[in-house]
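Subject: Structure for you to look at

Hello,

Here is the structure I said I would pass on. Please open it next to this message, and then read the notes below.

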Amino acid sequence: MLKEITAEAFKLTKDFTFIRNLSLTSILAISCLCSLSELQSQNTRVSEQASITNISNSSSIKIIVERQ
C-alpha cells in the first residue's frame, strides 16, 4: 500500500499540470487566509458600520409604486 502511494506521488511530481494547479491552489489559499486575518483585525469597524447601516435602513422612508 505504501509503495503504491509513493509510486503515485512520484508520478504526480512529474505532471506539470498537477504542479501548476497545486501551486495556484496554494497561492489562493494563502491569499484567502491573509485577507481573512485582515478582516478579523477590522472586526470592530465592520460591526460598527453594520449597525449604522441597520439604523439608516430602518429609519428611511420607502415608497412602493405599482405599475398599472
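The model is predicted, and the mean pLDDT of the protein chain is 76. Of its residues, 62% reach 70 or more. Confidence is highest in helix α1, at a mean of 89, and lowest in helix α3 (residues 43-59), at 54. Where pLDDT is low, the predicted coordinates should not be read in detail. Please keep that in mind when you look at helix α3, where confidence is lowest.

Overall layout

The protein chain has three helices and zero strands. Along the sequence this gives the pattern α-α-α. The chain has 68 residues, and 0% of them count as buried. Its accessible surface comes to about 6,800 Å². Carbon and sulfur atoms account for 64% of that surface.

Helix α1

Helix α1 covers residues 2-13, which is twelve residues. From its first C-alpha to its last it reaches 17 Å, close to the 16 Å expected at 1.5 Å a residue. Is this helix buried or in the open? Zero of the twelve residues of α1 are buried, so the helix lies largely in the open.

A search of the whole structure finds one salt bridge. The side chains of Lys11 and Glu8 meet in a salt bridge, with a distance of 3.7 Å from N to O. Both residues belong to helix α1 and sit three residues apart, about one turn of the helix. Lys11 counts as exposed, because its relative accessibility is 54%. Glu8 has 45% relative accessibility, so this residue counts as partly exposed.

The nonpolar patch

Which residues form a nonpolar patch on the surface? They are Leu12, Phe16, Phe18, Ile19 and Leu22. Together these residues have about 470 Å² of accessible area. Helix α2 (residues 16-41) supplies the largest share of the patch, with four residues. Ile19 is found in helix α2, and this residue counts as partly exposed because its relative accessibility is 34%.

The cysteines

How many disulfides does the structure hold? The number is zero. A disulfide is a covalent bond between the sulfur atoms of two cysteines. The cut-off used here is a pair of cysteine sulfur atoms within 2.5 Å. The cysteine sulfur closest to that of Cys32 belongs to Cys34, and at 9.3 Å it is too far away for a bond. Cys32 counts as partly exposed, at 38% relative accessibility. Cys34 is partly exposed too, with a relative accessible area of 49%.

To go through the model yourself, you could begin with helix α1, where confidence is highest, and find the salt bridge between Lys11 and Glu8. After that, look for the nonpolar patch, which includes Phe16 and Leu22, and then for Cys32 and Cys34, whose sulfur atoms are 9.3 Å apart.

Regards

Technical notes. Residues numbered from 1 in each chain as written. Predicted model: local features only at pLDDT ≥ 70, side-chain atom pairs only at ≥ 80, totals over all residues. Heavy atoms only, no water. Buried < 20%, exposed > 50% of the residue type's maximum accessible area, 1.4 Å probe, protein only. Patch = residues over 30% accessible without salt bridge, like charges linked within 9 Å, V, L, I, M, F, W, Y side chains within 5 Å. Areas by Shrake-Rupley, 256 points an atom, 1.4 Å probe, with all protein chains shown as cover. Salt bridge = Lys/Arg side-chain N within 4 Å of Asp/Glu carboxyl O. Helix = DSSP H or I, 4+ residues; strand = E, 2+ residues; numbered from the N terminus. Expected span 1.5 Å × (residues − 1). pLDDT = per-residue confidence, 0-100.
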